[in-house]
Amino acid sequence: MEECAKQGIYACALSMPSPGSPVPSEWVEEISRHVDANKKDPIYLIGHSLGATAILRYLETTKAKNIQGAVFVSAPVFKSTKRKVQAFLKKPFDYEAIRARVPKMVVIHGDNDKSVSADQGKTLARELGAKLVLIKNGGHLNGSAGWHKLPQCRDALLGMINGG
């Protein structure tokens with residue numbers, strides 16, 4: 001968010017309800033609440049891991065007209081044995097609906113992510129017709145993997161905003 005502020009771009013991180021045992025409808029509603037509160041502004045959604053999956057679920061049904069782009073980082077999209085993830089992946093994604101609602105999308109994934117396989121990032125990018133950025137030795141692209149800044153995400157966002 002610091003990088004966005006330097007560019008004069010307002011950014012915020014949503015506090016998702018019940019992160020320890022997330023409920024998909026609650027996360028989708030939280031995203032919706034924030035998008036609806038900013039109807040006059042162009043919106044770019046960025047999510048990491050299950051947050052990215054929640055954005056995908058939100059985009060399947062939203063009627064919002066101000067969403068200009070989305071960046072999905074380390075997003076799980078395949079069925080999983082992990083309880084937290086299972087609830088978000090009970091049904092297949094409506095990729096056609098998502099593509100129709102978001103003009104610009106980028107998928108960023110670590111090529112050696114042990115939590116969410118790189119094949120999931122590749123599949124998501126293909127299904128969305130999105131640009132794929134595979135990061136060598138990126139892991140899950142979180143603090144535990146040594147990532148406290150993700151310049152590839154910043155660059156993807158600025159590229160979208162600046163017409164790229």
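This is a predicted model: local features need pLDDT of at least 70, side-chain atom pairs count only at pLDDT 80 or more; totals for chains, interfaces and linings use all residues.

Reader: Is C153 buried or exposed?

Author: Use the cut-off again: buried means under 20%. C153 has a relative accessible area of 11%. Therefore C153 is buried.

Reader: How many disulfides does the count come to?

Author: A disulfide needs two cysteine sulfur atoms within 2.5 Å. By this rule, the number of disulfides is 0.

Reader: Which element gives the most to the largest nonpolar core?

Author: That core has 33 residues, and L45, Y58, L59, I67, F72, L124 and L128 touch the most other members. Several elements each supply at least two residues, among them α2 (24-36), β1 (43-48) and α6 (118-128). With 7 residues, the top contributor is α3.

Reader: Which residues does L128 touch, leaving out those up to four places away in sequence?

Author: L128 is one of the core members with the most contacts to other members. Contact here means heavy atoms within 4.5 Å. Beyond its sequence neighbours, L128 touches L56, F72, Y95, I98, R99 and M105.

Reader: What is the volume of the second largest pocket?

Author: Look at its lining of 17 residues, where S49, L50, P76, V85 and H140 are the closest to the centre. Both α3 (50-61) and α4 (83-86) give two or more residues to this lining. By class, the lining has 8 nonpolar, 7 polar and 2 charged residues. The pocket's volume is about 300 Å³.

Conventions
Residues are numbered from 1 along each chain as its sequence is written. Side-chain values use heavy atoms; hydrogens and water are left out. On a 1 Å grid over the protein atoms alone, a cavity is a set of points where a 1.4 Å probe fits but cannot get out, and a pocket is an open set with protein on both sides within 12 Å along at least five of seven lines; lining residues have an atom within 4 Å of a point. Grid points are joined across faces, edges and corners, and a volume is the space filled by probe spheres set on the points. Helices (H or I, at least four residues) and strands (E, at least two) are DSSP runs, numbered from the N terminus. Ala, Val, Leu, Ile, Met, Phe, Trp, Tyr, Cys and Pro count as nonpolar, Asp, Glu, Lys and Arg as charged, and the others, Gly among them, as polar. Buried means under 20% relative accessible area, exposed over 50%, partly exposed in between (1.4 Å probe, protein chains only). A nonpolar core is a set of buried Ala, Val, Leu, Ile, Met, Phe, Trp, Tyr and Cys residues joined through side-chain atoms within 4.5 Å.
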